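User: Please walk me through the structure below. I'll ask as we go.

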Amino acid sequence: MPVRVADLLERPDLGLSVVWATPELLELSVEGAYILDLPSPGHFLAANNLVLTSALWAQGPESAEVFISELAGKKAPAVVVGRIVIGEIPDYVEDACRRWGVALLTVSKTVSFKSIAQFIESSVATGEWPEISRSIGFDRKLLDTLASGPGAQGALRLFHQEFAVGCWVLESGGALTAVVGAEPSIDWRAAVWNRMLGAGRSAAVVPDEEGRPSSVWPIIGDGDHPVGFLVCSGDHREWPADLERVIRTLIAVVRVELELANYRRSTELEQVGELVTMLIDDTVSPGEASARLRLLGVDPSRPLIVVAATIDDRDYPPLAVLGAVTALVGGDPHTLLGTQRDAEATVVISGDDATPERLIELADRHTEAQSMMLGSRRLRLGVSEQITSIDQLAHAVTTARARMLSVTGTGPITWGTGSTPPSHEALLSMLPERVRGSFAQSLLAPLTEYDERHGSDFVLTLRVFLDSGGAWQQAAGLLHVHVNTLRYRIGRIEALTDRDLSSMKDRVDLYLALSLTP
């Protein structure tokens, strides 16, 4: 049964003493114990658990505010701060405990945290408590995996050994990152993936190919978006309470492992993304591009090819777009560098046989699996020609993006490899972004500035007039103005831009400038 904080203080063998507490706080029940030194412990705590810590997180008032407030949010009755590592307990820790109403205790240097935790565990392990005591002990084993480093796979293996439940994890890019028990088929992975995308924060029960239920939990990261999904065999709604408790801890441990992996990967993604942005904007020299590639592990003297990709679903996880491309074309003997930019993925591939034909041949081996993961969505890819000189890399990036945007076809995965742009949009997209922006700005700046100063809508008027093919009545009707009003506006537009809208050449220039403007 639960013990009070006061009961713990009355036992001399536990070596506990009060730093700060109110009489009311000492009467609170303690239903478990955690040994934690993470700076943000809230994800790992159950309600009414005493926390034992060496205060390695105590780096100033702000750190204490985060730690103690999260304990208060979990109704922790007390925090025990050991002084072997930290020495004297900082005043700002006591101040935070006072603000949040958490009793602050300390412990003799001759008593271990483990002995206190074991006493609490044994005290509650009577009557109906044995199973909960088992889960408390297992929670501690799971948390120990964070320090010992076996990763998500180690946490799942430990869970499987204790409860004989098969489980697996999908990361936010759709890849299978850990599994114990039977490995799921690609059909089963795809069914879970497409069921859970956009499903929010709630767990779901999803039947497998044979109709057997499995429980799926979104693993929510700091950004309130899933960093992955945990799948366990069985219907969690029929599980005992102690197993649900362990699942929460398992999710927290896997979440930390996935976020650490994402953090390590984000460094390369940012570096590649910065290089791709500079290539698109035409603001990087061949020498700097070559140096950056070498730092990222790619030999710029080898042939290179660029693939750009997008999926026709703005809510599809950006990392999953990149994951789909690397799954299609990755592997020896090629070296890949990838990044995502909004809803697009860009991959630079190094290899002597890195040609459009060879990449599509490699991709054919994985097309069926990726098509299942896509569901009803469509992946469009554009691929550049092979280049053998680093000064061609910027053009290769813009070419791949242009082919991606202009790709045609009806299949779930379609490639754009044509050398002839099929439209003016595709042609313009092959120009560096800086050049496109400069062209549009030079022609339309007089109109946009006039609209901003006078509250007029000359840019809209010009767009409707040109989209109507210069038909006065049609354009006036769409703008809900009299034809004479439209003629006046067009006259003012011609004066401001120094263009003649009866001239096809000037109409084309302004039309192209408008097509480059949102």
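User: Which residues does Trp20 touch, not counting residues up to four places away in sequence?

Analyst: In this predicted model, local features need pLDDT of at least 70, side-chain atom pairs count only at pLDDT 80 or more, and totals for chains, interfaces and linings use all residues. Trp20 lies in strand 2 (residues 16-20); strands (E, at least two residues) and helices (H or I, at least four) are DSSP runs numbered from the N terminus. With contact meaning heavy atoms within 4.5 Å, Trp20 touches Leu25, Glu94, Cys97, Arg98, Val102, Ala103 and Leu104.

User: Does Trp20 count as buried or exposed?

Analyst: Buried means under 20% relative accessible area, exposed over 50%, and partly exposed in between (1.4 Å probe, protein chains only). The C-alpha atom of Trp20 is separated by 5.1 Å from that of Leu104, 84 residues apart along the chain. Since its relative accessibility is 13%, Trp20 counts as buried.

User: Moving on to strand 8, how many of its residues are buried?

Analyst: Strand 8 spans residues 167-171 and is largely enclosed by the rest of the structure. Cys167, Val169 and Glu171 point one way from strand 8, while Trp168 and Leu170 point the other way.

User: In strand 12, which residue is the bridge partner of Leu170?

Analyst: Strands pair if DSSP finds at least two bridges between them. Strand 8 runs antiparallel to strand 9 (residues 176-180), with four bridges joining them, and there Leu170 has Leu176 as its bridge partner. Strand 8 also pairs in the antiparallel sense with strand 12 (residues 226-233), over five bridges. In strand 12, the bridge partner of Leu170 is Phe229.

User: Which strands stand at the edges of the open sheet of five strands, each with a single partner?

Analyst: This sheet has mixed pairing and the order 14-15-13-16-17. One side of each edge strand is left without a neighbour in the sheet, because each has a single partner strand: these are strand 14 (335-341) and strand 17 (413-416).

User: What angle does the direction of helix 11 make with that of strand 14?

Analyst: Neighbouring strands of this sheet are turned by 20 degrees against each other on average, direction ignored. Helix 11 (residues 318-329) packs on the sheet and touches strand 13, strand 14, strand 15, strand 16 (379-383) and strand 17. Axes are lines fitted to C-alpha atoms, for helices over the stretch in contact, and angles run from 0 to 180 degrees between N-to-C directions. Between helix 11 and strand 14 the angle is about 155 degrees.

User: How far apart are the closest N and O atoms in the salt bridge of Arg377 with Asp313?

Analyst: A salt bridge is a side-chain nitrogen of Lys or Arg within 4 Å of a carboxyl oxygen of Asp or Glu. Arg377 is buried at 16% relative accessible area, whereas Asp313 is partly exposed at 22%. Their closest N and O atoms are apart by 2.8 Å.

User: Which residues are linked with Arg499 in a network of salt bridges?

Analyst: The side chain of Arg499 meets that of Asp506 in a salt bridge (3.3 Å, N to O). Arg499 is partly exposed at 22% relative accessible area, while Asp506 counts as buried at 12%. The network links Arg499 with Lys505, Asp506 and Asp509.

Definitions and conventions:
Residues are numbered from 1 along each chain as its sequence is written. Side-chain values use heavy atoms; hydrogens and water are left out.
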